[in-house]
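This briefing goes through one structure by topic. Please look over the sequence and the 3D view before reading on.

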Amino acid sequence: MKSLDFTDKELTYLLISLRKYEEKLLTDESEDMEDTTTDLLFIQSLISKLKAAKSSQ
Amino acid sequence: MRNQNNFPVPGTVLWAVDIDLERDVFRSGAASKPNVEYLRFVDLNIDDQEGCIPDDQADKFTVNPGQGISLFLERMIPEGLVIMDAATWKNIDKKKQKKINWWGIDQNHPIPGGLTLIYDGQPPGHCTLTVTRSMPVSAFLALVALVPFSPRGIDLVGPIH
């Protein structure tokens, strides 16, 4: 897979959109989480990676 | 922070025709089933469609090695949620009560030919029940239907705050 370069601002937009998606999943009112568990674990891992990349720039 | 020392090296084959499954693997499913009778577009890395691949399109899409059904090596709880005892859980706002119904693959069974279970570690703990060669979604799901899953418990969770 290609590596991509992002500016700080682009990373910020990515983080904002991921956090909104995370919030949507966390506040979903379905009692059984089903696939939402997997989705949240992916999104949160991605947020961590992007935060680390942003702080290293 | 999770201890990831118990996780294998990404790329490790956990289950294959010549490799026995020797550890628990968990899937977040429904109360009555592990939800392995469908794939979602995201499972095939398709980003311009959402939700489950309709049955009548299961021959149109292909599962490639590395793609498939998500499982985890532990009962992972997403950040922002916390496991609660039944009494605490019943006392929180009903709209915030959530359940994670865990299912696992029974050990001591041969894997159906054409499938393999690989630890990819992205995100940490994640593994994928995938194919050894590309095949249509319908063929993949027919093989997955032969994999024995059984319940592994329920986590009652709610928001941390």
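Predicted model: local features only at pLDDT ≥ 70, side-chain atom pairs only at ≥ 80, totals over all residues.

Residues are numbered from 1 along each chain as its sequence is written, and chains are lettered from A and ligands numbered from 1 in the order in which they are written.

**Chain A**

- Chain A has 2 helices and 0 strands; helices (H or I, at least four residues) and strands (E, at least two) are DSSP runs, numbered from the N terminus.
- Chain A is more spread out than a compact globule, because its radius of gyration of 13 Å is well over the 10 Å that the globule rule gives for 57 residues.
- The radius of gyration is taken over C-alpha atoms, and the globule rule is 2.2 Å times the number of residues to the power 0.38.
- Along its principal axes, the C-alpha trace of chain A spans about 40 × 20 × 15 Å.
- Of the 57 residues in chain A, 18% are buried.
- A residue is buried if 20 or more other C-beta atoms lie within 10 Å of its own, exposed if 12 or fewer, and partly exposed in between, with C-beta atoms placed from the backbone.
- A:Ser3 sits in the segment before helix 1 of chain A, and it counts as exposed because it has 4 C-beta neighbours inside 10 Å.
- A:Ser3 and A:Phe42 are 39 residues apart along the chain, and their C-alpha atoms are separated by 19 Å.

**Helix 2 of chain A**

- Helix 2 of chain A (residues 35–56) has 22 residues and reaches 32 Å from its first C-alpha to its last, close to the 32 Å expected at 1.5 Å a residue.
- That expected span is 1.5 Å times one less than the number of residues in the helix.
- Among the buried residues of helix 2 of chain A are A:Leu40, A:Leu41 and A:Ile43.
- The buried residues of this helix pack against helix 1 (8–26) of chain A together with strand 2, strand 4 and strand 6 of chain B.

**Chain B**

- The C-alpha atoms of chain B fill a box of roughly 50 × 35 × 25 Å, taken along the principal axes.
- Buried residues make up 29% of the 161 residues in chain B.

**Where the chains touch**

- In chain B, 19 residues are in contact with 14 residues of chain A; two residues are in contact if their C-beta atoms, placed from the backbone, lie within 7 Å.
- Strand 6 of chain B gives the largest share of the side of chain B that touches chain A, 4 residues.
- By class, this side of chain B has 7 nonpolar, 7 polar and 5 charged residues.
- Ala, Val, Leu, Ile, Met, Phe, Trp, Tyr, Cys and Pro count as nonpolar, Asp, Glu, Lys and Arg as charged, and the others, Gly among them, as polar.
- B:Met76 lies in the loop between strand 4 (68–72) and strand 5 (81–83) of chain B, and it is buried because 21 other C-beta atoms lie within 10 Å.
- Leaving aside neighbours within four places in sequence, B:Met76 is in contact with A:Leu41 and B:Gly125.

**Core and strand pairing**

- The largest nonpolar core has 33 residues, and those with the most contacts inside it are B:Leu14, B:Val25, B:Leu71, B:Leu117 and B:Cys127.
- A nonpolar core is a set of buried Ala, Val, Leu, Ile, Met, Phe, Trp, Tyr and Cys residues joined through C-beta atoms within 7 Å.
- Beyond its neighbours within four places in sequence, B:Val25 is in contact with residues including B:Leu14, B:Leu71, B:Leu117 and B:Cys127.
- Strand 7 of chain B is largely enclosed by the rest of the structure, because 4 of its 5 residues are buried.
- Strand 7 of chain B pairs in the antiparallel sense with strand 1 of chain B over 2 bridges and with strand 8 of chain B over 5 bridges; two strands pair if DSSP finds at least two bridges between them.
- B:Val13 has B:Ile118 in strand 7 of chain B as its bridge partner, and B:Tyr119 stands opposite B:Cys127 in strand 8 of chain B.
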